[in-house]
Amino acid sequence: MKKLLTLLVCCAALGGTSLSQAAAVTFTANLDGPSEFPANASPGTGFATVVFDTTAHTLSIAVDFAGLLGVTTASHIHCCTLLPEVGTAAVATQTPSFTGFPLGVSSGSYVHIFDMTLASSYRAGFITDHGGSTASAEAALFAGMMDEEAYLNLHTSLFPGGEIRGFLHQEVPEPAGAALLALGLAGLWLGRQRSSRLLAQR
């Protein structure tokens with residue numbers, strides 16, 4: 001029984017960490033003015049969902065925003081700051097803005113999937129500063145996002161440096177999913193133990 005409990009704890013930890021870091025990892029960010037540097041009193045808000053798939057080498061971005069004081073001039077992901085949650089960093093993704101991002105508006109939405117094997121998915125300087133290849137740039141951006149050193153920023157006519165932004169945080173897997181995985185693996189372990197005992201008795 002003690003071995004089973006130990007296995008359950010280990011499986012739950014596995015479900016909450018290692019598996020969540022494999023292949024597609026989802027990050028989210030709440031965007032607002034107080035999170036900018038320097039902070040501002042913009043009533044604008046936004047929410048971003050970013051899915052980084054290191055197997056397919058894609059970066060899926062979905063952003064909804066509203067209530068901006070200015071109109072949008074650009075949007076990017078910045079990385080990698082030395083001060084998570086408060087610092088600043090250079091642009092990491094495509095410039096002058098995400099392709100197809102709605103510009104000249106105070107509210108809107110955006111969805112796009114970037115191919116991270118293409119140099120055009122990055123700011124040229126980010127590639128140069130991080131190993132000189134798209135592969136090394138992809139690895140650096142993913143590591144920065146995992147370390148909460150990256151943020152998504154919306155720049156506007158009134159706030160050229162950014163009106164609303166939010167640091168990207170890895171989405172925590174649902175506890176029910178981790179528990180189900182743990183129970184499934186525990187059942188598999190018990191089945192193997194039963195089979196081993198039956199073989200030993202023959």
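Colleague: How do you know that Cys79 and Cys80 form a disulfide?

Modeller: This is a predicted model, and in it the sulfur atoms of Cys79 and Cys80 sit 2.1 Å apart. The cut-off for a disulfide is within 2.5 Å, so the pair qualifies. The structure holds 1 disulfide.

Colleague: What makes the disulfide of Cys79 and Cys80 right-handed?

Modeller: The torsion about the S-S bond is about 85°, so the Cys79 and Cys80 disulfide gets that label.

Colleague: And the backbone there: what is the peptide bond from Cys79 to Cys80, cis or trans?

Modeller: Cis, with omega near 5°. Most peptide bonds are trans. Another cis bond runs from Thr95 to Pro96, with omega near 5° as well. Cys80 is in the loop between β4 and β5, and Pro96 is found in that loop too.

Colleague: What is the phi of Glu85?

Modeller: Glu85 has a positive phi of about 80°, although it is not a glycine. Most residues other than glycine have a negative phi. Glu85 is placed in the loop between β4 and β5. With a relative accessible area of 37%, Glu85 falls between 20% and 50%, so it is partly exposed.

Colleague: Where does His57 lie, and what is its phi?

Modeller: His57 lies in the loop between β2 and β3, and its phi is near 60°, a positive value in a residue other than glycine. The hairpin of β2 and β3 has 4 residues between the strands. His57 has a relative accessible area of 30%, so it is partly exposed too.

Colleague: How do you know that β2 and β3 pair?

Modeller: Pairing takes at least two bridges, and β2 and β3 (residues 58-66) have 9, in the antiparallel sense, so they pair. Strand β1 (residues 24-32) and strand β2 (residues 45-53) also pair in the antiparallel sense, over 9 bridges. Val51 in β2 is the bridge partner of Thr26, and Val51 stands opposite Ser60 in β3.

Colleague: Why is Ile113 called exposed and Asn153 buried?

Modeller: Ile113, in strand β5, has 55% relative accessibility, which is over 50%, so it counts as exposed. Asn153, in strand β6 (residues 151-156), has 2%, under the 20% cut-off, so it is buried.

Colleague: What makes the link between Asn153 and His155 a polar contact?

Modeller: Their side chains are joined at 3.5 Å, and the cut-off is within 3.5 Å.

Colleague: How far is Ile113 from Val50?

Modeller: C-alpha to C-alpha, Ile113 and Val50 are 9.5 Å apart in space, and they are 63 residues apart in sequence.

Definitions and conventions: Residues are numbered from 1 along each chain as its sequence is written. This is a predicted model: local features need pLDDT of at least 70, side-chain atom pairs count only at pLDDT 80 or more; totals for chains, interfaces and linings use all residues. Side-chain values use heavy atoms; hydrogens and water are left out. Helices (H or I, at least four residues) and strands (E, at least two) are DSSP runs, numbered from the N terminus. Buried means under 20% relative accessible area, exposed over 50%, partly exposed in between (1.4 Å probe, protein chains only). A polar contact is a pair of N or O atoms within 3.5 Å; within protein, one must be able to donate a hydrogen and the other to accept it, and residues adjacent in sequence count only if both atoms are side-chain atoms.
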